[in-house]
Amino acid sequence: MAGKPILHYFDGRARMESIRWLLAAAGVEFEEKFMKTREDLEKLRKDGSLMFQQVPMVEIDGMKLVQTRAILNYIAAKYNLYGKDIKERALIDMYSEGMTDLNEMVLLYPYLPSRDKDGRLTQIKEKSRNRYFPAFEKVLKSHGQDYLVGNRLSKADVHLTELLYHTEELDSTVLANFPLLKALRTRVSNLPTVKKFLQPGSQRKPFDDRKCVEIARKLFS
């Protein structure tokens, strides 16, 4: 029997959090090995674990997978969160990729210099309210189903729910005009696996604070 996936990263959100969310939604228990020093990262590089010298890295099914999207796609395919056919997969990929721009802005926000944060927050508010969230609200309205694709949970729903939570941390009223997105977030959040992940004490990570940012800078700079 295969062991639990092992996630190699530092103890923060950044580029690993979407992987944690997807594994949790799939009901998959996982272990984490946190890098705390530059030496921890160099050890992974020297032993050949990191194909491109970068993390995140996930040990799963005898592989050492790197590149966040490749990891997410493998998890989605393995745990039936990737649609029933190639057309559904294309939509799931399109929606997931469509979130990337906003997700990157939100993900990198804590790591910006203080002088740049106000401008970035304005961008996040503008793009979420006027470009991205209206697009996904329209998708849900167009078919009237519970989930974005095929009326069943996919990685696109999990990614969007994560993004809604993270954006709302920066802009508490961002969902005021998007009732279908609010309903989707509630629906996904009430799934037993996700509900467990959202509880205090889970492996879900809090907003990347100053301490987390300093650890990341020491590791990667």
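The biggest share of the lining of the largest cavity comes from helix H5, with 3 residues. Keep in mind that this is a predicted model. H5 covers residues 100–108, and the other elements that give two or more residues to that lining are H1 and H7.

How many cavities of 30 Å³ or more does a search of the whole structure find? The search turns up 1. The space in the largest cavity comes to about 140 Å³. If you want to find the place on the screen, look for Arg13, Ala14, Glu17 and Ser18, then Asn103, Val106, Leu107 and Pro110, and finally Glu162, His166, Phe207 and Asp208, which line the largest cavity. Sorted by class, this lining has 5 nonpolar, 3 polar and 4 charged residues.

H7 brings me to the helix pair. Two packed helices are described by the angle between their axes and the distance between the axes. Here, helix H6, residues 114–143, packs against helix H7, residues 155–170, at an angle of about 145°, and their axes are 11 Å apart. The crossing of H6 and H7 is left-handed. On the H6 side, the contact is made by Leu121, Ile124, Lys125, Ser128, Phe133 and Phe136. H7 answers with Leu160, Leu163, Leu164, Thr167 and Leu170. By class, the residues of this contact are 8 nonpolar, 2 polar and 1 charged.

Now the sheet. In what order do the 4 strands of the open sheet stand? The order is S2-S1-S3-S4, with mixed pairing. Strand S2, residues 31–34, and strand S4, residues 63–66, are at the edges with a single partner strand each, so one side of each has no neighbour in the sheet. On average, neighbouring strands of this sheet are turned by 20° against each other, direction ignored.

Strands of a sheet pair through backbone hydrogen bonds, either parallel or antiparallel. Strand S1, residues 6–9, pairs with S2 in the parallel sense over 4 bridges. As one example to look at, Tyr9 has Phe34 in S2 as its bridge partner.

Two helices lie across strands of this sheet. Helix H1, residues 17–25, lies across S1, S2 and strand S3, which is 57–60, and runs at about 165° to S1. Helix H3, residues 68–78, lies across S3 and S4, running at about 125° to S4.

To close where I started: H1 is also one of the elements giving two or more residues to the lining of the largest cavity.

Technical notes. Residues numbered from 1 in each chain as written. Predicted model: local features only at pLDDT ≥ 70, side-chain atom pairs only at ≥ 80, totals over all residues. Heavy atoms only, no water. Pairing = 2+ DSSP bridges. Axes fitted to C-alpha atoms, helices over the stretch in contact; angles between N-to-C directions. Contact = heavy atoms within 4.5 Å. Left-handed = near helix turned anticlockwise from the far one by under 90°. Nonpolar A, V, L, I, M, F, W, Y, C, P; charged D, E, K, R; others polar. 1 Å grid on protein atoms, 1.4 Å probe; cavity = no way out; pocket = protein on both sides within 12 Å on 5 of 7 lines; lining within 4 Å. Points joined across faces, edges and corners; volume = space filled by probe spheres on them.
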